[in-house]
Amino acid sequence: MIDARARAELRGAIVATLLTVALSGCSKKEETTGETQPSRITTASNVHPEIWPQVSLPALDDTAIEPRLNELLSSLSVEEKVGQIIQADVGSVTAEDVRRYRLGSVLNGGNSAPGGDDLAPARVWLAAADAFYEASMDTSDGKHAIPIMWGVDAVHGHNNIIGATLFPHNVALGATRNADLMRKIGVITATELRVTGQEWTFAPTIAVAQDVRWGRAYESYSENPTLVREYAHAIVLGLQGDPGKPDFLRGNHVIATAKHFLADGGTFEGRDQGDARITEEQLRDLHAPGYVAAISAGVQVVMASFSSWQGKKIHGHHGLLTDVLKTRMGFDGFVVGDWNAHGQVEGCSNVSCPAAINAGLDMFMAPDSWKPLYDNTLAQVRSGEIPMARLDDAVRRILRVKLRAGLFEAGKPSNRVPGGKFELLGSPEHRAVARQAVRESLVLLKNANKVLPLKPNMKVLVAGDGADNLPKQNGGWTLTWQGTGITNKHFPKAESIFAGIRSAVNAGGGSATLSVDGKYTRKPDVAVVVFGEDPYAEFQGDISTLEYKPGNKSDLELLKKLRADQIPVVAVFLSGRPLWTNPELNASDAFVAAWLPGSEGGGIADVLFTKRDGSVNHDFKGKLPFAWPRTPLKFNSEGAPEAPLFDNGFGLTYQDTADLPQLSEAVPAAPAGQTSTHSYFAAGRPSNGWQLAIGAGDAARTALPGAVGNSAGDVLKVSAVDRAAQEDARLAQWSGSGPATLALQGDAPIDLQREANGQLSVTFDYRIDAPPTAKVTLGIECGPGCRGDLPIEAQLKQAPAGEWRQLKMPLHCFQSKGADLRNVTAPFLLTTAGKLELGIANVRLESGLNDATGCQ
């Protein structure tokens, strides 16, 4: 853990580096010519390998491998070599494609699976693994037999498979401070992967998140590089086994991937796929220690990051991929790309990117672009644009890993140990370790009057939408990419938080009642309220503020209602990151950060409730892996003027007596100039950088101070109405006397192209007071004469009057209608010439699609 002194020392080191930058000034040449001279601390993305650590590699006996590797490499055709550096998604490739093109690898993305069924049973996965393997080993066409590898995002257990053990996400594991437990988790995950035939996981993520607005913050163990370094070493050993031992990469072990190299957790404003605007020393000292540990543990694959450093995409960064990672650190495995990330390199596209291979990428992850990429890469090798020596080096690295893993002799996946032993998926022994991880990850932030622990003979009300919600307690990367579109029935071996509480209370002579909305007929002794973030993954989870659900205070109202009834309230908060929850903390007697606990909700009851005799069953052990924010604008433990509410490493136990004073619930304005990119209207006001405006006909739109007012001729009127809180919504009334538009517009354009690629949707809550009498469009504006509009009157006409509902339209649909999403000046336009009375609240970008699939 980082205590106050250690945090101050780290901040001091960073400040000293930045001060050096500020005082360094310009050289004489810079003053006269404007040219930037090489420096470790300029804004150029050059690296200086000599300042990076050299890594002590594990002692691997490759004496039998290298001669075989040389012989195989010399006998391959250029076509076979190019095939080895291509990885295709199982949703876009067949076994026959693997046989024909001799592809080196396949993967399944977050929303792809054998036969196109995300929820396919384990036996289907194993059969598909056999088919791909047999195709890769078929020599009937005279080509060489080179076993394929199947890569999978097993990031909190074998999370693609129904019935598998699902561990808490990394943020929770960071709270355990238990590296030995990490190794056990690695062993279990590897074993369950082997059951269904996969031998390669895209894990661990060893990002050191510095701004938890990042949508992947829950994949980071901690903001502390020392803890990440310790965990990286342990989890790699668990997944791969001990280097040099006979079962290294074999048997129950798999090939691990350290990702995403480098500084994916250090991007500006926490934006996924963004830019790390930091010095080389910060890049090295904050973000590289986990890779040093992983390489020293023998990790065989490193995944390059989507992100950039000082404006240059990592996938095209020769200095980092080759000079630092391979040469200076001595990494002798291979570097794999991320999902079509090579297409973001300057001068590249998804189907052509020699720059990435020449920079040091060894395997393209080209899920749906693999075939034209294969053709173009083959042509580029033949022309010399990609040197043969570089291709040979990439193929050598890939084949070395396959030989080390014994894949040439292993046989088809169903014949390997423990292929097909489906009883190992979610076995009681494996789930027991996951339950231990849940217990040790819980962090107690408040325990007023020692309301905890609870006696199991009490009448317990269990409330909140997370109480009996297995998808919510598992979060993203669970069966589907975003962890959405699934229900409790898809978790046949899992236990919800309510089910765990009910089991503990029933065994103790009490009673537990589930009431999501908190209503009851018989007053309970205590209420346990389970609430928090809904599932998300990657940039769909990026947020602009750390305020918990701005504009939606339904959870807070539930806490307050129960407290007003003189019922002790225990809040169990589910989240992938620390969030500003001062109002919720104030409204609770006890507050537990439970993170995203996975399949074993019973681990929470283990800690909340005593044994039957009243003695403590399990005390709280968890310590915060990230500082907890004091305000919504406090993004991490560094770089803010005020101290965090709770420091990194904070966590109460049952022996602690300190109560939490009343906290400020004031929401400060966002810093000037900081435009909200994902939230446009919340809590009855436009988000930072936006204004509500109206206009009739062709007249220019007029901004509405206070977000209320009328257009010329009263064609459109906007007034305040209540939804979940006083005046937190707006009622827009079109008179029908001519066309008029309600808009959320900004002073400066924003780029939403990335969000469109990531399947985000324009989302808003609405209430029909009077249905439309004419066409209604929802639009996005992108400057003068540039916009895309979609008809929505059908959805509005079908909605019951007086009932709040939600409407979503995918960003890419607006793009198909002409919107330039790189230059969005108004992300929300509602236009009609007819009569319409419509309540509107919470306009934002969000994952998921509307009930009606496709674009209108």
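Select Ser105 first, and then its bridge partner in β3, which is Met149. These two belong to strands β2 (residues 105–108) and β3 (residues 149–152), which run parallel and are joined by 4 bridges; strands here are DSSP runs of E of at least two residues, helices are runs of H or I of at least four, and both are numbered from the N terminus. Two strands are said to pair if DSSP finds at least two bridges between them. The model is a predicted one, in which local features need pLDDT of at least 70 and side-chain atom pairs count only at pLDDT 80 or more, while totals for chains, interfaces and linings use all residues. Residues are numbered from 1 along each chain as its sequence is written, and side-chain values use heavy atoms, with hydrogens and water left out.

Among the buried residues of α6 are Trp125, Leu126, Phe132 and Tyr133, together with Asp130; buried means under 20% relative accessible area, exposed over 50%, and partly exposed in between, with a 1.4 Å probe and protein chains only.

A search of the whole structure finds 7 cavities of 30 Å³ or more, a cavity being a set of points, on a 1 Å grid over the protein atoms alone, where a 1.4 Å probe fits but cannot get out. The largest cavity holds about 170 Å³ of space, a volume being the space filled by probe spheres set on the grid points, which are joined across faces, edges and corners. Of the 20 residues that line the largest cavity, select Ala154, Val155, His156, Asn170 and Ala203, the closest to its centre; lining residues have an atom within 4 Å of a point. Helices α7 (170–176), α8 (179–195) and α9 (225–240) each supply at least two residues of this lining, and the largest share, 3 residues, comes from α8.

Move on to helix α15 (residues 388–404), which has 17 residues and reaches 24 Å from its first C-alpha to its last, close to the 24 Å expected at 1.5 Å a residue. Just after α15, check Gly406, which takes a positive phi of about 70°.

For the next stop, select strand β18 (residues 679–682), which pairs in the antiparallel sense with strand β31 (residues 835–847) over 2 bridges; in β31, the bridge partner of Ser679 is Arg844. Strand β18 is also joined by 2 bridges to strand β19 (residues 685–686), with the two running antiparallel, and Ala682 has Arg685 as its bridge partner in β19. β18 and β19 form a hairpin with 2 residues between them, and Ala683 in the turn has a positive phi of about 55°.

Then display the open sheet of 6 strands, with antiparallel pairing and the order β21-β20-β25-β30-β27-β28. Its edge strands are β21 (702–703) and β28 (787–791), each of which pairs on one side only. Strand β27 (residues 776–781) pairs with β28 in the antiparallel sense over 5 bridges, and the bridge partner of Glu781 in β28 is Arg787.

Finish at Ile694, which lies in strand β20 (residues 690–696). Is Ile694 buried or exposed? Ile694 counts as buried because its relative accessibility is 2%. Residues that Ile694 touches, not counting those up to four places away in sequence, include Leu704, Asn710, Leu716, Val718 and Leu742, where contact means heavy atoms within 4.5 Å. Asn710 is 16 residues from Ile694 along the chain, and the C-alpha atoms of the two are separated by 7.7 Å.

Notes: On a 1 Å grid over the protein atoms alone, a cavity is a set of points where a 1.4 Å probe fits but cannot get out, and a pocket is an open set with protein on both sides within 12 Å along at least five of seven lines; lining residues have an atom within 4 Å of a point. The expected span of a helix is 1.5 Å times one less than its number of residues.
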